[in-house]
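Hello,

Here is the structure I promised to pass on. Have a look at it first, and my notes follow below.

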Amino acid sequence: MKSTMSLAKPAMRGLLAKRLRFHLPIAFGLSLVAAAAFKFTVTEPRKQAYADFYKHYDSTKEFSAMREAGVFESVRPTGK
Amino acid sequence: MFRAALRLSVSGARSLTRSRPQYTASVAARSYSHGKQETDEEFDARWVTYFSKPDIDAWELRKGMNTLIGYDLVPEPKILEAALRACRRLNDLASAIRILEAVKDKSGPHKEIYPYVLQELQPTLNELGIPTPEELGIDKA
């Protein structure tokens, strides 16, 4: 129990070092967790979405559809 | 200290439970790994000597205090006493009070340090007639 007569000497050195010893590993850990969470909730689903889209993509069919829609300047629709 | 932090972040939380080897001084004016590490007592003695120079000038006082405040420690009362006496020799009451404010600031969240330092410095403060920021009412913004 702290006496009211005189205060005991507290720790006065290395206080920042002690704080960093505790918080830096946590900071690194949380950063890794944040990166992993982003990877698995954003980048991987996005990559999968692209993969799924292009798995059965028929570029010729899409090209023809665009051509008929008349959006190109280099080729005209197969006009009648 | 940075070596310790690097080791820790690699080895993870389990190293927190292991007791770490105590470095004898938490400061290194130069970060050489060769050469003898200065002990806390040697560090303190060096700074007391610095501020005890009879003809210390105002620049040296400011330089000394700014350097001291840059370290990862709250200066020992005996260093602060030497600094306050240097302020007295330089007729610089403002710096003396500022030194007390700096101690409180350096303590950060550790609220028990400042009252302890004031307790240890009380005889010197009385002798030199230095009021504390609290006595002057300038400790509150």
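**What I found**

In this predicted model, the side chains of Arg13(A) and Asp44(B) meet in a salt bridge, 2.9 Å from N to O. By salt bridge I mean a side-chain nitrogen of Lys or Arg within 4 Å of a carboxyl oxygen of Asp or Glu. The rule finds four salt bridges across the interface of chain B and chain A. On chain B, the elements giving two or more residues to the side that touches chain A are helix H1 (2-11), helix H3 (40-52) and helix H7 (113-128); helices are DSSP runs of H or I with at least four residues, numbered from the N terminus. H7(B) gives the most to that side, with five residues.

The contact (heavy atoms within 4.5 Å) takes 19 residues from chain A and 23 residues from chain B.

Away from those pairings, there is a nonpolar surface patch on chain A of about 650 Å², made by Tyr50(A), Phe53(A), Tyr54(A), Tyr57(A), Met66(A) and Val71(A). Patch residues have over 30% relative accessible area and no salt bridge, with nonpolar side chains (Val, Leu, Ile, Met, Phe, Trp, Tyr) joined within 5 Å; areas are Shrake-Rupley with a 1.4 Å probe, and only the protein chains shown count as cover for residues. Helix H1 (residues 15-55) of chain A provides the largest share, three residues. Tyr50(A), in helix H1 of chain A, counts as exposed because its relative accessibility is 54%, and the cut-off for exposed is over 50%.

Residues are numbered from 1 along each chain as its sequence is written, chains are lettered from A and ligands numbered from 1 in the order written. Local features need pLDDT of at least 70 and side-chain atom pairs 80 or more, while totals for chains, interfaces and linings use all residues, and side-chain values use heavy atoms, leaving out hydrogens and water.

Best wishes

How values were computed. Patches are made of residues with over 30% relative accessible area and no salt bridge: like charges are joined within 9 Å, nonpolar side chains (Val, Leu, Ile, Met, Phe, Trp, Tyr) within 5 Å. Buried means under 20% relative accessible area, exposed over 50%, partly exposed in between (1.4 Å probe, protein chains only).
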